[in-house]
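This report goes through a single protein chain, from its overall form to a few individual residues. The sequence and the model come first.

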Amino acid sequence: MTHSREDDAVEALLQRQFEGAVADDGFCDRVMKRLPARPRHRVWPLWSGIAVGVAACASTLSSNPGLQLGWRGWIGGDMSPSALAVLAALAGMSLLAMCWSLAEADGG
C-alpha cells in the first residue's frame with residue numbers, strides 16, 4: 001500500500017478536528033455484555049485430519065515401485081533418478097510446510 005503526502009495532510013486535518021469519543025450513553029458497554037462468549041478453539045480436527053492424510057498418503061505410496069526404488073537407492077547410497085525424485089519431493093514438502101508455518105505465525 002502506498003502512502004502519499006495527501007494522506008498525511010488528511011490525517012493531520014482529522015487529528016486537529018478530533019474532539020474526543022462520542023458519548024453513547026453506555027450503548028457499547030451494553031452491546032458488549034450481550035455478545036456471546038467466543039467459542040473455544042478446538043485443535044483435534046486439525047490433528048485428526050493430519051493423521052488421516054498421512055495414513056492415506058502412506059497407504060497410496062507404499063505400493064508405488066518408483067518410490068520403493070528411490071528409497072532403496074537413497075538408503076544404499078545410489079543416487080538414481082528415483083532417489084533424486086524422492087529427495088526433491090521430501091525437500092519440496094519440507095519447504096511447503098515451512099512456508100505454511102510462517103504464514104500461520106504471521107496471521108495469528
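What radius of gyration does the protein chain have, and what would a compact globule of 108 residues have? The chain, a predicted model, has a radius of gyration of 28 Å, whereas a compact globule of 108 residues would come near 13 Å. The C-alpha trace spans about 75 × 40 × 15 Å along its principal axes.

**Fold and surface**

The protein chain holds five helices and zero strands. Read from the N terminus, its elements follow the order α-α-α-α-α. Residues 5-17 form α1 and residues 27-34 form α2; α3 covers 44-61, α4 covers 65-76 and α5 covers 81-107.

Of the 108 residues, 5% count as buried.

The values for the whole chain are collected here.

| Property of the protein chain | Value |
|---|---|
| Radius of gyration | 28 Å |
| Volume of the largest pocket | about 390 Å³ |

**The largest pocket**

The largest pocket has a volume of about 390 Å³. Its lining consists of 15 residues, and those nearest the pocket centre are Cys57, Leu61, Leu67, Leu90 and Met93. At least two lining residues come from each of α3, α4 and α5.

**Individual residues**

Where does Asp25 lie? Asp25 is placed in the loop that runs between α1 and α2. Although Asp25 is not a glycine, its phi is positive, at about 55 degrees. Is Asp25 buried or exposed? The relative accessibility of Asp25 is 72%, and the cut-off for exposed is over 50%, so Asp25 counts as exposed.

Ser94 belongs to helix α5. With a relative accessible area of 47%, Ser94 falls between the cut-offs of 20% and 50% and therefore counts as partly exposed. How far apart are Ser94 and Asn64 in sequence and in space? They are separated by 30 residues in sequence, and their C-alpha atoms are 21 Å apart.

Definitions and conventions. Residues numbered from 1 in each chain as written. Predicted model: local features only at pLDDT ≥ 70, side-chain atom pairs only at ≥ 80, totals over all residues. Heavy atoms only, no water. Helix = DSSP H or I, 4+ residues; strand = E, 2+ residues; numbered from the N terminus. Rg over C-alpha atoms; globule rule 2.2 N^0.38 Å. Buried < 20%, exposed > 50% of the residue type's maximum accessible area, 1.4 Å probe, protein only. 1 Å grid on protein atoms, 1.4 Å probe; cavity = no way out; pocket = protein on both sides within 12 Å on 5 of 7 lines; lining within 4 Å. Points joined across faces, edges and corners; volume = space filled by probe spheres on them.
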